[in-house]
Amino acid sequence: MRKFHDLIEGYYRFRGNEWIEERESWSKLAEGQEPKVMVIACSDSRVDPATIFGTVPGEVFVVRNVANLVPPFDPSGGLHGVSAALEFAVTVLKVDEILVLGHGQCGGVKASLSGALRDAKPGEGGFVAEWIKLLDEAREKVIAEHGDGPEGQTALEREGVKVSIENLKTFPFVQQRLEDGSLTLHGAVFAIKDGKLNVLQEDGHYEAA
Ligand SMILES: [Zn+2]
């Protein structure tokens, strides 16, 4: 596995090859960004949106966090990293679409499903435990229908994407743009193992892309 020193080696290759080849587009990008799509993905090292979708710099505005979650709109203060990025993407960049991208073998989803971190203290899993409480309602539903095994894991990965989409709709500036038809929300789950991407359909089911 590569460490920081190797990343710098990688940077030299990038600066000497790809950057030079795309010099013009980089200088255009230096003037500003105009991405049309926002992607909310998991921090998991295996699910890099740019790799999966073959995008180039400037094309997707990305937020990544544990289990690709969006909290509900909360104007009461606090440090809201996802909400800040969402606000910027929707009201300033005016992205046309937001994709919530879930994935297979998600550790955050697994922790929610097992409840293993439930009483953990900050620094011992407590931050993750607090964050994945966003999945609690979906978790109950999934366990009742699918149990807490592999089937439940897949089901909660899919339900988690829906939870984030529903929470996106609680932001007034998202709601406003949904109402005027200038913004569309999408969901998908990338399987990792077989490389399959299942896309959330309007009726709530997932279909292979
Ligand atoms: Zn994950």
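Some housekeeping: residues are numbered from 1 along each chain as its sequence is written, and side-chain values use heavy atoms, with hydrogens and water left out. As the model is a prediction, local features need pLDDT of at least 70 and side-chain atom pairs count only at pLDDT 80 or more, while totals for chains, interfaces and linings use all residues.

Helices (H or I, at least four residues) and strands (E, at least two) are DSSP runs, numbered from the N terminus. Cys42 and Cys106 are both buried. Buried means under 20% relative accessible area, exposed means over 50%, and partly exposed is in between, with a 1.4 Å probe and protein chains only.

On to salt bridges: a side-chain nitrogen of Lys or Arg within 4 Å of a carboxyl oxygen of Asp or Glu. How many salt bridges does that rule give? The count is eight. One of them joins Arg64 and Asp48, at 3.8 Å from N to O. Arg64 sits in strand 2 (residues 60–65) and Asp48 in the loop between strand 1 (37–42) and helix 4 (49–53), so the bridge ties together parts 16 residues apart in sequence. Arg64 is partly exposed at 31% relative accessibility, and Asp48 is partly exposed at 29%.

Another salt bridge pairs Glu159 with Lys141, their closest N and O atoms being 3.4 Å apart. This pair links distant parts of the chain, with Glu159 in helix 9 (residues 150–168) and Lys141 in helix 8 (residues 136–146), 18 residues apart. Is Glu159 buried or exposed? Glu159 counts as buried, at 16% relative accessibility, whereas Lys141 is partly exposed at 42%. Through shared partners, salt bridges join Lys141, Glu159 and Lys162 into one network.

Arg139 and Glu140 also form a salt bridge, at 3.2 Å from N to O.

Two packed helices are described by the angle between their axes and the distance between the axes. Helix 6 and helix 8 pack at about 70 degrees, with axes 10 Å apart. That makes helix 6 roughly perpendicular to helix 8. The axes are lines fitted to C-alpha atoms, for helices over the stretch in contact, and angles run from 0 to 180 degrees between N-to-C directions. Under 35 degrees counts as roughly parallel, over 145 as roughly antiparallel, 65 to 115 as roughly perpendicular, and the rest as oblique. Ser112, Leu113 and Ser114 in helix 6 meet Arg139, Val142 and Ile143 in helix 8, where contact means heavy atoms within 4.5 Å.

That's the tour, thanks.
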